[in-house]
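Hello,

Here is the structure I said I would pass on. Please look through it first; my notes follow below.

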Amino acid sequence: MAEEKQAQAKGDPRARIVDALLALAAEKRFEEISIAEIAGRAEVSLADFRDAFPSKGAILAGFARRIDRAALSAGGADLDAEKRDRLFDALMRRLDAMAPYREGLREIVAWLRRDPVAAWAMNASLVNSMRFALASAGIDAEGVAGAIKLQGLALAWTRVVSVWLDDPSPDLGKTMAELDRELTRGERAAAAVDGLERVAAPFAAAAQAACARGRRAGETIRRRARGEDAPRAAGPH
């Protein structure tokens, strides 16, 4: 199976470009890696590179999708387990998938700390990854509350990854302890967000109804200003 995957990657320019960038990041500062250098390492032309990715940031987004797929394919959720435990397992599977690229990721994380603009740009890709991690654990991430949960989990994940990068233990004890702490904090925050959403729901519904009435009143005024009759209610003829 591993040989088959290697063969597929060898024939896929996109996969080779991703591998090339991660390998180069393990050797030098991310800012110093040029597109031409990545293309040379991946053995693709610049034209093929451009067809595959428009930038180094896009390559990192492609790498994130690779990790997502590996983590989501590694095993289904234990339906008998608590959602928190399912999420813990889903995130640990992501770390397992990231392990072969650890040295390159160390430099990429350092680069994102050096470049807040790049970090903000990569946030959308990270949030999408967390969306699928939550979905695999059976946790809802829709609406305003879901968006807050996703961003909170994305920030927690960056802290977990920072610990993982410097965790030398084979069993990743420090990393698992940090992940456990982050999920505990996240549970409390999510409960607070859900509570606020329930409290705010009646007010939001009232505001939506008021807006709808305002739109209807505005339309009536505009019709009268144009000399149009207001629509008559349907009744028996």
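This is a predicted model: local features need pLDDT of at least 70, side-chain atom pairs count only at pLDDT 80 or more; totals for chains, interfaces and linings use all residues.

E43 is found in the loop that joins helix 3 (35-42) to helix 4 (46-52). Its phi is positive, about 60 degrees, although E43 is not a glycine. L172 is another non-glycine residue with a positive phi, in this case near 55 degrees. L172 also sits in a loop, the one between helix 9 (143-165) and helix 10 (173-225).

Next, the core. The largest nonpolar core is made up of 52 residues. Within that core, I17, I38, L91 and W157 have the most contacts. Helix 9 contributes the most to this core, namely eight residues. As background, nonpolar side chains in soluble globular proteins tend to be buried together. To see one of these residues in its surroundings, select I38: setting aside neighbours within four places in sequence, I38 is in contact with I17, A20, L21, L24, I33, F49, K56 and I59.

Then the rings. How many aromatic pairs does the structure hold? There are two. One of them is formed by F63 and Y101, with 5.0 Å from centre to centre and 85 degrees between the planes. This pair counts as edge-to-face, because the angle between its planes is over 60 degrees. F63 belongs to helix 5 (residues 56-73), while Y101 is in the loop between helix 6 (83-98) and helix 7 (102-114), so the pair ties together parts that are 38 residues apart in sequence. F63 is buried, at a relative accessible area of 6%.

Two arginines are also placed over rings. The charged end of R14 is over the ring of F53, 4.3 Å from the ring's centre. R102 lies over the face of W164, and here the distance to the ring centre is 4.8 Å.

Last, a glutamate in helix 7: E107. E107 is buried, because its relative accessible area of 14% is under 20%. Not counting residues up to four places away in sequence, E107 touches A25, K28, R29, F30, E31 and R114.

Regards

Technical notes:
Residues are numbered from 1 along each chain as its sequence is written. Side-chain values use heavy atoms; hydrogens and water are left out. Rings of Phe, Tyr and Trp (its six-membered ring) pair if their centres lie within 6.5 Å; planes under 30 degrees apart count as stacked, over 60 as edge-to-face and the rest as tilted. Helices (H or I, at least four residues) and strands (E, at least two) are DSSP runs, numbered from the N terminus. Buried means under 20% relative accessible area, exposed over 50%, partly exposed in between (1.4 Å probe, protein chains only). A charge sits over a ring if NZ of Lys or CZ of Arg is within 6 Å of the ring centre and within 35 degrees of the ring normal. A nonpolar core is a set of buried Ala, Val, Leu, Ile, Met, Phe, Trp, Tyr and Cys residues joined through side-chain atoms within 4.5 Å. Contact means heavy atoms within 4.5 Å.
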